[in-house]
Amino acid sequence: VEDDEMEDDDLALYEAVIARWSRVDHDAIVVDARGSRLLVEFLEDHSKGWVQRSQVRLMPDADLSRVPECVRPGSAVRALDPFASGEGAGVLHAAHVEEVKQGVRFESKGSSSGD
């Protein structure tokens, strides 16, 4: 791995991906690569796991016609650092949107409405 690029394909480290784990697709970020295996960090709980490259695909770009203008690429936003702790936790930082991706949708198996 060199300069945040992984060998043999177009996936970069820290790329937003959809990773198949236990026959379920999950939103994730690639954080390391070793041969045909990728270490991904799952966005729903920040846990990590090694998966085969064949279990990972690039997260597609979102349909910008369905994205509010205030969060489209180039927009100025204030964002939390999800990995900050201590005094940095909960602090908003000036940022700008570079890209908007469409992840998988998570739905609860139960329903609070009683349906």
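**Figure 1. Strands β2 and β3 pair in the antiparallel sense over six bridges.** Two strands are taken as paired if DSSP finds at least two bridges between them; strands (E, at least two residues) and helices (H or I, at least four) are DSSP runs numbered from the N terminus. The model is predicted, with local features requiring pLDDT of at least 70 and side-chain atom pairs pLDDT 80 or more, whereas totals for chains, interfaces and linings use all residues. Residues are numbered from 1 along each chain as its sequence is written, and side-chain values use heavy atoms, with hydrogens and water left out. Within this pairing, A33 has L38 of β3 as its bridge partner.

**Figure 2. The open sheet has five strands in the order β4-β3-β2-β1-β5.** Pairing in this sheet is antiparallel. In general, the strands of a sheet pair through backbone hydrogen bonds, in either a parallel or an antiparallel manner. The edge positions are taken by β4 (48-52) and β5 (56-58), each of which has a single partner strand, so one side of each is left without a neighbour in the sheet. From one strand to the next, the twist averages 45 degrees, with axes fitted to C-alpha atoms (for helices, over the stretch in contact) and angles between N-to-C directions running from 0 to 180 degrees. The protein chain as a whole contains seven strands and zero helices, and its pattern along the sequence reads β-β-β-β-β-β-β.

Figure 3. Across the protein chain, 27% of the 115 residues count as buried (under 20% relative accessible area; exposed is over 50% and partly exposed in between, with a 1.4 Å probe and protein chains only). The accessible surface of the chain amounts to about 8,400 Å², and carbon and sulfur atoms hold 47% of that area; accessible areas follow the Shrake-Rupley method with a 1.4 Å probe, and for residues only the protein chains shown count as cover.

**Figure 4. W21 and F42 form the one aromatic pair of the structure.** Their ring centres are 5.5 Å apart and their planes meet at 70 degrees, so the pair is edge-to-face. Rings of Phe, Tyr and Trp (its six-membered ring) pair if their centres lie within 6.5 Å, with planes under 30 degrees apart called stacked, over 60 edge-to-face and the rest tilted. The pair links distant parts of the chain, W21 lying in strand β1 and F42 in strand β3, 21 residues apart. W21 is partly exposed at a relative accessible area of 36%, whereas F42 is buried at 5%.

**Figure 5. R23 and H46 are non-glycine residues with positive phi.** Phi of R23 is about 65 degrees, and this residue lies in the loop between β1 and β2. R23 is exposed, its relative accessible area being 77%. H46 has a phi near 65 degrees and sits in the loop between β3 and β4. At 36% relative accessibility, H46 is partly exposed.

**Figure 6. Strands β6 and β7 run antiparallel and are joined by five bridges.** Strand β6 covers residues 76-80 and strand β7 residues 92-96. The bridge partner of A79 is H93 in β7. Of the five residues of β6, the number buried is zero, so this strand lies largely in the open.

Figure 7. V71, in the loop between β5 and β6, is partly exposed with a relative accessible area of 35%. With neighbours within four places in sequence set aside, V71 is in contact (heavy atoms within 4.5 Å) with V77, V97 and V100. E99 belongs to the segment after β7 and is partly exposed at 48%. For the protein chain, residues 24 or more positions apart account for 37% of the contacts with a separation of 6 or more.
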